[in-house]
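Reader: I would like a close look at one residue and its surroundings, and then at how the rest of the chain is put together. Please keep it plain.

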Amino acid sequence: MTEAVRSVDIISQTEELADKILANKQELTVMDKRRQENREALRVIEKSDEPKVWITVGSMLVKMKRTQAIELIKKDQQQIEQQINLIYSEQKILVNKHRDVEFKSPFSGTNLKPLDRKEFSALKANLPML
Amino acid sequence: MGETEKIEVRDITRIERIGAHSHIRGLGLDDVLEARAVSQGMVGQKDARRAAGVVVQMVREGKIAGRCILLAGEPSTGKTAIAVGMAQALGTETPFTSMSGSEIYSLEMSKTEALSQALRKSIGVRIKEETEIIEGEVVEIQIERPATGTGQKVGKVTLKTTEMETNYDLGNKIIECFMKEKIQAGDVITIDKASGKVNKLGRSFTRARDYDATGAQTRFVQCPEGELQKRKEVVHTVTLHEIDVINSRTHGFLALFSGDTGEIKQEVRDQINNKVLEWREEGKAEINPGVLFIDEVHMLDIECFSFLNRALESDMAPVVVMATNRGITRIRGTNYRSPHGIPIDLLDRMIIIRTVPYSEKEVKEILKIRCEEEDCIMHPDALTILTRIATDTSLRYAIQLITTANLVCRRRKATEVNTEDVKKVYSLFLDENRSSKILKEYQDDYMFSEINEHEEDVAAAGGGGAKRRIDTGDGDAQAMEH
């Protein structure tokens, strides 16, 4: 009896975590879409010369001053970057938790900080197997 | 929940040469570190395997850096097999260096240098590389060249994944990269955001029908999924030895392959240690001490042992597993005798695991496993005879007979080895006992036979440096060799 209950418990836990992980993945795609759209918008605005530009805020089209529009988009970009970083770190924790519930050892090196680009390229230049 | 049979699945995609220990896939322990009778290629020897399992667990948790373990036992009791099992059980993440005691004697480098290199080869450093990359399939590329021929090119590329699409304005430099890689619509590419490098992964499957003939090198890959701009994190493990080598010569990495590293200065090593410790402080690296396995450790001499004593006390030392089959024997480089040929102060720091000779049932199991490994079908009667031979002579001799009997049986166009084949190869190939008996009988006919001077030498000998005695044929009956 307890074995069946236990297995249902484990399965529900893994499914819950897996669900969250997949939801995060979708979230990342949505965030990236917004990020790219913002970037394209920024390019177009910076190239054009008009004093007032049309931008979409939510589902509304608003005409505002060029500088204001640029400010708005840049702020939005910053927020998106922060959100994405948050999701990445959350993902790492969730995946390790998931592996833990499945009685697998966690991924090694998840709590390492990355090496500087210069340091790593120096290593890579000398150890081509890296 | 009923009893389920554990089916062990072998990875059949790897083609390996068959060696003396290639049938070993692990230590064969279950979840509570109890040894199963026959599992993963290991048979019997339960206590030693359990002890080895405990060691593997401790290495995994990183808790016993700088400790020393000795596997001691009669010849053919599975010492090297247990070490191979430990290596498999630790997996590919932990560095496992295997060497024989005599390997440190080389003309090119001193013994302590060889030992230092072996020790540093067993310490891994985990580092992480993080990059932001843009990965997508090219929908279209537009490049505008200025009419005058000089001046900057400008361009636009549209990239897509299965879920989104966007376009990028390209500058001159990256347009050159694109043109160098000959990127067209339908190619799947990655752009490294930080370095600006463009890499072509292949062509998209959806565009496979564009042309009737494509080049020989064309690879087809799936259109990438998810977001366009991803963060890629890769964790690498390098050994301290590799870092030493690239820092001690200009064309360092070639030396890694040829083994011609020469002597690496201690200053270089100290600098590397400092750098790695600095990285560890900053959280950029993890030190992963692995296992150094020294087989036939009685071949090391007193200088090496003293060096090991000191080296094992450093905080970045690996776990050293040693194996020997010697009893109380002279330490190389001195005239003193000591258990296993290892000085007592080093023995004091070691945990000793004993391996015992196999029982007849276990020998039969081992022979069965080897028959499977060497692709030889044997009749049960033949197996029984072979087991008898193994217990009378030695396990290794019986293992040699397996493949030879297989060939004899194939010569008579049969598929199953039977007792006749085994008897045939038994008469063809001599084991150590019979060979020494023959030597004693016909010693006068052999060249340079020295057995007549044996009596004088025993009287004069003080232990080391005596004339070589021909083995008197009771090597197997003795507990351990001298």
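Is Asp421(B) buried or exposed, and at what relative accessibility?

Author: Asp421(B) counts as buried, because its relative accessibility is 3%; buried means under 20% relative accessible area, exposed over 50%, and partly exposed in between, with a 1.4 Å probe and protein chains only. The model is predicted, so local features need pLDDT of at least 70 and side-chain atom pairs count only at pLDDT 80 or more, while totals for chains, interfaces and linings use all residues. Residues are numbered from 1 along each chain as its sequence is written, chains are lettered from A and ligands numbered from 1 in the order in which they are written, and side-chain values use heavy atoms, leaving out hydrogens and water.

Asp421(B) sits in helix 13 (residues 419-428) of chain B. Helices (H or I, at least four residues) and strands (E, at least two) are DSSP runs, numbered from the N terminus. Setting aside residues up to four places away in sequence, Asp421(B) touches Ala405(B), Val408(B), Cys409(B), Arg412(B) and Glu416(B); contact means heavy atoms within 4.5 Å.

Helix 13 of chain B also packs against another helix. Its axis and that of helix 11 (residues 380-392) of chain B come within 8 Å and cross at roughly 30°. Axes are lines fitted to C-alpha atoms, for helices over the stretch in contact, and angles run from 0 to 180 degrees between N-to-C directions. Helix 11 and helix 13 of chain B are therefore roughly parallel to each other, as angles under 35 degrees count as roughly parallel, over 145 as roughly antiparallel, 65 to 115 as roughly perpendicular and the rest as oblique. Helix 11 of chain B supplies Asp381(B), Ala382(B), Ile385(B), Leu386(B) and Ile389(B) to the contact, and helix 13 of chain B supplies Thr419(B), Val422(B), Lys423(B) and Tyr426(B). By class, this contact of helix 11 with helix 13 of chain B has 6 nonpolar, 1 polar and 2 charged residues; Ala, Val, Leu, Ile, Met, Phe, Trp, Tyr, Cys and Pro count as nonpolar, Asp, Glu, Lys and Arg as charged, and the others, Gly among them, as polar.

Now the wider chain. Chain B has 482 residues, of which 42% count as buried, and it contains 15 helices and 19 strands. Of the contacts in chain B with a separation of 6 or more, 65% are between residues 24 or more positions apart. Chain B is divided into domain 1 (16-94 + 290-357), domain 2 (128-234) and domain 3 (360-435), with bounds from an automatic or database domain assignment. Taken over C-alpha atoms, the centres of domain 2 and domain 3 of chain B are 62 Å apart.

Two further helix pairs follow. The axes of helix 1 (residues 46-60) and helix 2 (residues 79-90) of chain B come within 10 Å and cross at roughly 35°. Their contact has 9 nonpolar, no polar and 2 charged residues. The axes of helix 5 (residues 240-248) and helix 7 (residues 266-282) of chain B come within 10 Å and cross at roughly 125°, and these two helices are therefore oblique to each other. The contact joins Leu240(B), Ile243(B), Asp244(B) and Asn247(B) of helix 5 of chain B to Val268(B), Arg269(B), Ile272(B), Asn273(B) and Val276(B) of helix 7 of chain B. By class, the residues of this contact of helix 5 with helix 7 of chain B are 5 nonpolar, 2 polar and 2 charged.

Helix 7 of chain B also holds Arg280(B), which counts as partly exposed because its relative accessibility is 37%. Beyond its neighbours within four places in sequence, Arg280(B) is in contact with Ala285(B) and Ile287(B).

Helix 3 (residues 111-121) of chain B has 8 of its 11 residues buried, so it is largely enclosed by the rest of the structure. Among the buried residues of helix 3 of chain B are Glu113(B) and Arg120(B).

Two loop residues complete the account. Ser76(B), in the loop between strand 3 (68-73) and helix 2 of chain B, has a positive phi of about 65° although it is not a glycine. Glu296(B) lies in the loop between strand 13 (291-295) and helix 8 (302-311) of chain B. Phi of Glu296(B) is near 55°, a positive value in a residue other than glycine, and Glu296(B) is partly exposed, with a relative accessible area of 32%.
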